[in-house]
Amino acid sequence: MTSVVYQIPHDQLKAFRGRALVVRSDRPEDLVAELLPGDLGNLAYVKLCGLPSGTDVLMHWAEGLPIELVLDDPEQDFPNLYRYAKLLDNHPVRVAIPVEPGFEKAVKLSSSLQFAVRLEIGQPDALLIESLARLLDDYLHKTTVTQPIECFHSLLLGFCRDEPVDLWAIQEEDPALVRYVDEQGTERLPGRLSALAWGPAPEQFVDDWGSRLLTEGAECTDCPFFSSCRGYFKWPLRDYDCVGMKTLFATLRQAADELKADIAAATSGS
Amino acid sequence: MINGNHLSLVLLSTNQCNAACDYCFEDKTRDRLSLERLQLIVGRVLDHMDEHEIGALTINWQGGEAMLLSPRWYREAFVWIGEAAEKRAKRVEHGLQTNMLAYTPEWDAVIAEMFGNSLSTSLDYPNLHRKVSGRGPDHYDALWGRKVHMARAAGIDVKVISVLNQGTLEIGAQRFYEHLVDELGITDFQINTPFPGGSDNAAKQNLSLDVVELSRFHCELADIWLERGLHRDVRIGPFDQLLNWFMDRDTCLPCIWGKNCADDLIAIDARGNVAQCDCWVTSYPDHVFGNIIECDSLSKLLRDSPARRQFSERPVMLMQGDCIDCDYLALCHGGCPVRTYSMGYHLFEKDPYCHLYKAMFGHMQRRATEVMRSWSQPLSATVGHGQADTAGGSTDNGGAHARAS
């Protein structure tokens, strides 16, 4: 059974100590001061909000612990990523980037600095889909992109291995796996669901949502990617047109098929 | 702040030189490091390393001309630095950049012990600018050739840096390669682009090269190397490292293409002046970070220096220009500050050799793909190298972080 990961602000550490955690702060020195050596084993990663200064204190602290940098305004903030490049000496670093106008540059620089990327993809409009398509092409084919870009990366791996993948899990938005704890210590659903009222069985949310979409005859009914997506792109606006996202998924599946064929050819030829 | 796992220090043991090369970017003085001053400097460097938990130091010894101090001086420096570093559990490696004019067999023991029996020297072909005072380039070449021959006979590995000039472009890549590899027997060299660093003179005003011709030369030399040198273990920088990069191998690109050279490197001259690198430390007083002799903390000096802040900020500022749109941002990051500045541009502009770099990157990318295809590696030819290891990755959403390590 997979344990739930709690995304908590650093000052809620005392209440959640001992559970699987992601701890967030906009003050790196607070993370260093408050996280004890015994906490590190339960930490999935630490999240640095607002691109804070003073990350020198993290350089040799908890070496190997993953760090996520949160870009609130990718178009404005992306050049500042250079200030965090040295963290890669001792930490895996991922950048969380909302898919909104200007995000492409942030992804480009993140990849160029060897940061992994997690796209907060939401329900992108047609222009953003075009940007995502260009980005996906770079991810698949450009040798200058050497680090994972999520959700592309996990989807590609899943398609390659014919293994089930779950977009809600990839995006860290499945309440069965992740809970968000707000600044007051209140447990909420993760990501885009955080404003939603806490129901009786939050761990059932994704199953229930997917079932509801199928029952109601949504676009999902005959979508070839529903098993991976489970209605992710129908939240919060249920009438969101998934045609663009389906194209991206199809591109990923085709790339996976080509990659499998390459692997098979290489294996048979060796 | 320089705070990672490793610090590179370019240390000028003397600001004095026994050559009088027209295009030298350094402004020479007669200053030499005494052992006492060296101990003070290295002590403060080690203090900085302690403060920032930096475990490893590489000291690249240069001048002026580094061999103007005696082998005995280096031997004593080596012992003292080794003992001081060991007390603080730091690892130190040493490199030597020398014009070799003062080389004698008396150097062999310290070169073996301190520098791993290897050194780096410089030679241009044709030589237009390297000379000793009152003599011409031919005299320099003959003297240099004798010294290199002696050093090689003693078993020393001699690497060469070669700065290109108009004459190099005129003789062409084929002749250049033949001279260095076939005639001089040099099997490990790096080609550098010229820049008019330091105080102005007539030679520096004529250093600029047509960037299209320069690009053609680089691509032709790369092809000659791939055809004739690669399989004979000849290494030519930066082609060898670019090939590695595009073949997803361990790569050490030259400092001009680092993410931010201010994060990794400083230079200290024989007066104790601290600057970004050897190209700045004697030549541009306005860009000196401070003096390590006069300041009791290198960390404080680096932290408080407005000049250093400019270097730190350069890549950030460059993102306001067109570098962010470049396919090769991951390799170049806007290029070299001193090439930019010395060629008349603001520090916050990209390297004027941009066109050359793009041409070279594109060429080496194509050639790397061809090399891989010739080795029947269909995976690499199909997708980017970040995605070619699907057999060993992870499908969970922590996979990205796992791979990033």
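Domain bounds come from an automatic or database domain assignment. On that basis, chain B is divided into domain 1 (6-307) and domain 2 (313-387), and chain A into domain 1 (5-150) and domain 2 (170-269). This is a predicted model, in which local features need pLDDT of at least 70 and side-chain atom pairs count only at pLDDT 80 or more, while totals for chains, interfaces and linings use all residues. Residues are numbered from 1 along each chain as its sequence is written, and chains are lettered from A and ligands numbered from 1 in the order in which they are written.

**Overall form of chain B**

- Chain B contains 16 helices and 10 strands; helices (H or I, at least four residues) and strands (E, at least two) are DSSP runs, numbered from the N terminus.
- Its radius of gyration is 22 Å, close to the 22 Å that the globule rule gives for 405 residues, so chain B is as compact as a globular protein of that length. The radius is taken over C-alpha atoms, and the rule is 2.2 Å times the number of residues to the power 0.38.
- Along the principal axes, the C-alpha atoms of chain B fill a box of roughly 60 × 50 × 40 Å.
- Of the 405 residues of chain B, 45% count as buried. A residue is buried if 20 or more other C-beta atoms lie within 10 Å of its own, exposed if 12 or fewer, and partly exposed in between, with C-beta atoms placed from the backbone.
- Among contacts in chain B between residues at least 6 apart in sequence, 70% join residues at least 24 apart; two residues are in contact if their C-beta atoms, placed from the backbone, lie within 7 Å.

**Domain contact in chain B**

- The C-alpha centres of domain 1 and domain 2 of chain B lie 23 Å apart, and the contact takes 28 residues from domain 1 and 25 residues from domain 2.
- On the side of domain 1 of chain B that touches domain 2, the elements giving two or more residues are α7, α8 and α9 of chain B. The largest share, seven residues, comes from α7(B).
- By class, this side of domain 1 of chain B has 19 nonpolar, seven polar and two charged residues. Ala, Val, Leu, Ile, Met, Phe, Trp, Tyr, Cys and Pro count as nonpolar, Asp, Glu, Lys and Arg as charged, and the others, Gly among them, as polar.

- Seven of the eight residues of helix α8 (residues 239-246) of chain B are buried, so the helix is largely enclosed by the rest of the structure. Among the buried residues are Phe239(B), Asp240(B), Trp245(B) and Phe246(B).
- The cover over the buried residues of α8(B) includes α7 (211-229), β7 (235-237), α12 (329-332) and α14 (354-374) of chain B.
- Just after α8(B), Asp248(B) adopts a positive phi of about 60°.
- Pro285(B) sits in the loop between α9 (278-281) and β10 (290-291) of chain B and is exposed, with 12 other C-beta atoms within 10 Å.
- A separation of 10.0 Å lies between the C-alpha atoms of Pro285(B) and Gly198(B), which are 87 residues apart along the chain.

**Parallel sheet of chain B**

- Four strands of chain B form an open sheet in the order β4-β5-β6-β7, with parallel pairing; two strands pair if DSSP finds at least two bridges between them.
- The edge strands are β4 (118-122) and β7 of chain B, each of which pairs on one side only.
- β4(B) and strand β5 (residues 157-163) of chain B pair in the parallel sense over five bridges, and Leu119(B) stands opposite Val158(B) in β5(B).

- The C-alpha centres of domain 1 and domain 2 of chain A lie 21 Å apart, and each domain gives 18 residues to the contact.
- The elements giving two or more residues to the side of domain 1 of chain A that touches domain 2 are β1 (5-9), α1 (13-16) and α5 (126-141) of chain A; α5(A) gives the most, with six residues.
- That side of domain 1 of chain A divides into 13 nonpolar, four polar and one charged residue.
- From strand β8 (residues 178-181) of chain A, Val178(A) and Tyr180(A) point one way and Arg179(A) and Val181(A) the other way, and all are buried.
- β1(A) and β8(A) run parallel, joined by three bridges, and Gln7(A) stands opposite Tyr180(A).
- β8(A) and strand β9 (residues 187-188) of chain A run antiparallel, joined by two bridges; they form a hairpin with five residues between them, and Gly185(A) in the turn has a positive phi of about 90°.
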